[in-house]
Number of protein chains: 2
Amino acid sequence: MKRAPAFPPLVSIDRRSAQPLYRQVYERYREAIVDGRVRPGQRLPSTRALAAELRISRITVLSAFEQLVAEGYFESRVGAGTVVARSLPDELRPPLPPDPDRAPRRRHRPRRLLPRHPAIRLRGPEPWLGGGGAFRVSQPAVEHFPAAVWSSLLARHSRNPLARMLNYGDPMGHRPSGSQQALAITARVLLDPGHHVWVEEPGYRGARDVLSMAGARLAPVPVDHEGLDVTAGMAACARARAAYVTPSHQYPLGMTMSASRRLQLLDWARRTGAWVIEDDYDSEYRYESFPIGALQGLDRDARVIYIGTFSKILFPSLRCGYLVIPLDLVPRFVAVREAMDIFPASLPQAALTDFINEGEFGRHLRRMRALYGDRRATLVEALGRELGSDLSVIGDAAGMHLAVTARGRWPDHVMALRAAQRGLWVMPLSSCYLGPPTRRGLVLGYGGTTAAEIPSAVHRLRRVIAST
Amino acid sequence: MKRAPAFPPLVSIDRRSAQPLYRQVYERYREAIVDGRVRPGQRLPSTRALAAELRISRITVLSAFEQLVAEGYFESRVGAGTVVARSLPDELRPPLPPDPDRAPRRRHRPRRLLPRHPAIRLRGPEPWLGGGGAFRVSQPAVEHFPAAVWSSLLARHSRNPLARMLNYGDPMGHRPSGSQQALAITARVLLDPGHHVWVEEPGYRGARDVLSMAGARLAPVPVDHEGLDVTAGMAACARARAAYVTPSHQYPLGMTMSASRRLQLLDWARRTGAWVIEDDYDSEYRYESFPIGALQGLDRDARVIYIGTFSKILFPSLRCGYLVIPLDLVPRFVAVREAMDIFPASLPQAALTDFINEGEFGRHLRRMRALYGDRRATLVEALGRELGSDLSVIGDAAGMHLAVTARGRWPDHVMALRAAQRGLWVMPLSSCYLGPPTRRGLVLGYGGTTAAEIPSAVHRLRRVIAST
């Protein structure tokens with residue numbers, strides 16, 4: 001090991017740098033200390049000598065030294081000049097080898113991370129989520145959003161804001177924000193690590209991720225044409241602590257959970273003391289009957305956590321959702337939300353409140369329901385015309401996506417990859433399974449796909465399917 | 001147990017209700033089924049008879065019945081009329097007693113919640129956080145925020161938004177948002193349940209809450225005039241997985257961590273493989289030297305997670321902060337953030353980017369530094385004049401709060417309660433301890449208190465102190 005020389009090296013400065021000279025002097029000396037190139041107690045040149053040597057003003061050197069003294073890197077004693085602080089840990093770190101690449105390389109070398117981390121699956125490549133064109137799932141028709149109205153509502157609250165609108169707010173917000181965050185909060189309140197949770201199979205990956213992150217063990221429960229198969233769930237994992245369901249429009253298959261399954265699920269929850277997490281992400285768009293009653297409204301035992309979102313009706317980047325929770329859980333939800341991010345942003349919520357109260361919300365919803373209804377009809381018609389009888393269309397009674405399912409071991413993953421290469425963003429059904437896929441097909445979003453582009457997009461999709 | 005009668009009860013409707021009549025018929029029958037007042041297979045009156053009985057249009061009854069059939073509560077067979085669906089679980093739930101208050105009462109009865117929940121401490125009463133007047137901690141001078149500029153930036157992005165600005169975005173955001181959320185993400189990435197984490201004693205309760213929520217065990221480490229006592233931490237809990245520190249302006253005592261402690265902390269982290277979580281919540285306001293170098297800048301081993309926030313410089317309800325993390329941790333932070341709330345709201349970030357790029361940020365920061373410097377000088381001067389020599393002022397070199405500390409078992413908690421009753425929002429130092437408080441005093445925020453009101457507020461505070 002090399003020892004630092006008796007006298008610290010003079011620092012070098014760069015006159016062309018945007019960094020002020022005093023800051024350069026400060027940083028060079030600090031680096032020398034941190035890197036172990038000088039020793040505690042070592043004497044420094046006088047500010048006068050250093051200024052002459054570097055050809056800079058002595059004021060500049062004094063500023064740097066004062067800061068180094070203030071931060072405890074240097075110490076200055078009457079009659080003794082300035083020395084590297086003796087309180088610095090001696091031999092704290094060995095002198096570094098001269099390799100200038102060392103720090104960056106060490107910084108980048110792979111490190112053993114934590115054993116729990118596989119609970120969060122790192123995103124593998126999902127090319128079908130890579131673009132924003134035809135059939136991209138979960139994409140509303142944002143170009144139809146009344147942006148001018150929204151802008152004026154934001155301006156109303158931001159131009160002359162009340163102080164309380166800018167300051168810290170209530171963790172409950174006008175509404176808790178973001179349905180994904182609502183689920184994250186719910187998982188933290190209701191679940192202990194190791195608890196089992198029913199999840200729909202196939203189902204929504206985002207929900208699985210956040211439940212896994214809370215330490216839950218996922219118990220996949222199959223869905224059939226009536227939604228979650230409660231009997232199968234009880235057979236596989238009767239003592240689950242919670243069930244995560246999308247009863248109004250199952251994600252991704254799109255069926256609505258039947259009344260008998262709803263009652264059976266609530267009965268199971270009541271008998272076993274389990275919770276039911278109802279994710280109602282797009283039930284406002286229903287084309288053949290009025291919006292279906294939520295599980296939450298059937299619940300007589302305060303076992304249902306209802307999660308809604310404004311992402312599909314307004315726009316996703318608003319990041320605003322809401323929860324309906326049993327009264328006795330409110331303090332715990334508040335505490336978890338507060339620990340998580342204290343409280344939601346206030347201005348967008350104020351704008352949203354006005355948007356609802358002034359009737360814009362209802363108007364926009366009705367307009368969008370007609371628009372999506374038209375897109376859906378166009379899509380269903382085009383699929384019927386273009387696709388063979390081997391494929392069935394399901395889940396089109398509500399929402400902004402439907403599923404095309406096939407028989408047998410249909411290569412939906414390969415098709416989705418090829419479709420993505422051609423600018424068609426269809427999601428393979430097999431990617432929605434936790435275990436081995438039992439159904440294959442493609443999930444097609446039509447919220448962000450105009451009726452005019454649908455026929456040719458379906459035609460192109462047929463060619464992709466036919467050539468695979 | 002009573003059995004439901006052979007023929008289901010006729011439903012009753014309320015003509016004065018805002019609820020449409022078909023919806024009332026639908027809901028009354030659904031309730032009868034959910035409450036167990038009718039049995040699967042029971043026959044229903046004909047739509048004609050029911051319409052006549054209720055004196056409503058047959059179309060109304062038909063709409064309700066169609067919905068009940070669509071949702072699976074009723075079933076209809078050719079020639080057999082409509083019956084309560086036989087697929088409903090029979091005897092699913094016993095008939096309810098006639099008490100109309102039963103459901104609400106059961107809904108409110110206390111339930112055993114989860115054993116882990118004490119990890120999140122429910123907020124006890126903290127009256128000193130109840131108001132927004134003099135000395136409220138963490139309150140910036142929001143009335144000086146350039147709201148008109150901010151409003152026009154928001155309008156710029158919201159009036160004619162790009163579709164990508166409204167749609168789903170990147171989990172990394174322009175910047176990850178909210179320093180509390182940054183800490184929540186950090187805790188989820190770095191910590192397993194049961195890991196020990198050093199926290200400053202006294203320290204920031206919000207950090208403790210979120211670390212506890214991640215299952216961490218908190219190891220309180222005392223702070224002295226140099227900040228965190230690293231030697232004490234190593235003696236008490238050498239194998240902690242992480243240290244949470246506020247080195248630039250310790251919360252709540254306000255000292256700056258010395259250079260030797262910084263190097264000692266980083267050395268401990270390097271040797272033990274621990275992480276250092278650096279929460280830099282207000283270091284932009286420093287009154288006697290230039291902003292102090294972050295631990296993150298001293299780190300040669302990619303062990304520091306740096307957390308910053310815009311809450312204090314812009315306004316808290318923006319909910320926007322940022323993280324500086326080692327490169328190899330980026331994918332895990334992205335995955336956790338995505339599971340937590342997918343991605344941050346886009347419009348405010350776009351406005352913030354312009355706010356910075358167009359120089360408004362720097363201008364506002366300089367203006368606020370002068371303003372807070374003035375408020376701080378006024379406060380320190382008033383405290384020196386009004387308070388006896390038993391009290392010391394510490395932590396005033398930076399930030400927006402300082403601490404007044406006392407000797408012995410000073411009743412700071414009682415004083416803060418009495419002060420709150422008189423509209424003075426001072427935080428008792430003892431409330432910042434995880435264990436038994438070793439120092440007592442009051443924490444005074446001056447960010448949201450004008451220089452004009454400070455002298456009289458300090459005078460009133462003296463009277464509270466003198467009378468306790």
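In which sense do strand β4 (residues 217-224) of chain B and β5(B) pair, and over how many bridges? They pair in the antiparallel sense, over two bridges. The model is predicted: local features need pLDDT of at least 70, side-chain atom pairs count only at pLDDT 80 or more, and totals for chains, interfaces and linings use all residues. Residues are numbered from 1 along each chain as its sequence is written, chains are lettered from A and ligands numbered from 1 in the order in which they are written, and side-chain values use heavy atoms, with hydrogens and water left out.

**Figure 1. The open sheet of chain B.** Seven strands of chain B form an open sheet of mixed pairing, in the order β5-β4-β3-β6-β7-β8-β9. Helices (H or I, at least four residues) and strands (E, at least two) are DSSP runs, numbered from the N terminus; two strands pair if DSSP finds at least two bridges between them. Strands of a sheet pair through backbone hydrogen bonds, either parallel or antiparallel. β5 (227-228) and β9 of chain B stand at the edges with a single partner strand each, so one side of each has no neighbour in the sheet. B:Val223 has B:Leu228 of β5(B) as its bridge partner.

**Figure 2. Helices lying across the sheet of chain B.** α8(B) lies across β3, β4 and β6 of chain B and runs at about 170 degrees to β3(B). α10(B) lies across β3, β4, β5, β6, β7 (275-280) and β8 of chain B, at about 155 degrees to β6(B). Axes are lines fitted to C-alpha atoms, for helices over the stretch in contact, and angles run from 0 to 180 degrees between N-to-C directions.

**Figure 3. Helix α5 of chain A against helix α5 of chain B.** The axes of the two helices, each spanning residues 147-159, come within 9 Å and cross at roughly 170 degrees. α5(A) is therefore roughly antiparallel to α5(B) (angles over 145 degrees count as such). Among the residues making the contact are A:Trp150, A:Leu154 and A:Arg159 of α5(A) and B:Trp150, B:Leu154 and B:Arg159 of α5(B); contact means heavy atoms within 4.5 Å. The residues of this contact divide into ten nonpolar, six polar and two charged (Ala, Val, Leu, Ile, Met, Phe, Trp, Tyr, Cys and Pro count as nonpolar, Asp, Glu, Lys and Arg as charged, and the others, Gly among them, as polar).

**Figure 4. Backbone geometry in loops of chain B.** The peptide bond from B:Glu201 to B:Pro202 is cis, with omega near 0 degrees, and B:Pro202 is found in the loop between β3 (196-201) and α8 (205-213). B:Tyr251 and B:Pro252 are also joined by a cis peptide bond, with omega about 10 degrees. B:Ala302, not a glycine, has a positive phi of about 55 degrees and counts as buried at 1% relative accessibility (buried means under 20% relative accessible area, exposed over 50%, partly exposed in between; 1.4 Å probe, protein chains only). B:Arg319, in the loop between β8 and β9 (321-324), likewise has a positive phi of about 55 degrees and is buried, at 11%.

**Figure 5. Confidence along chain A.** The mean pLDDT of chain A is 83, and 84% of its residues reach 70 or more; pLDDT is the predictor's confidence in each residue, from 0 to 100. Confidence is lowest in helix α4 (residues 102-108), at a mean of 40, and highest in strand β6 (residues 242-245), at 98. Where pLDDT is low, the predicted coordinates should not be read in detail.

How values were computed. Angles under 35 degrees count as roughly parallel, over 145 as roughly antiparallel, 65 to 115 as roughly perpendicular and the rest as oblique.
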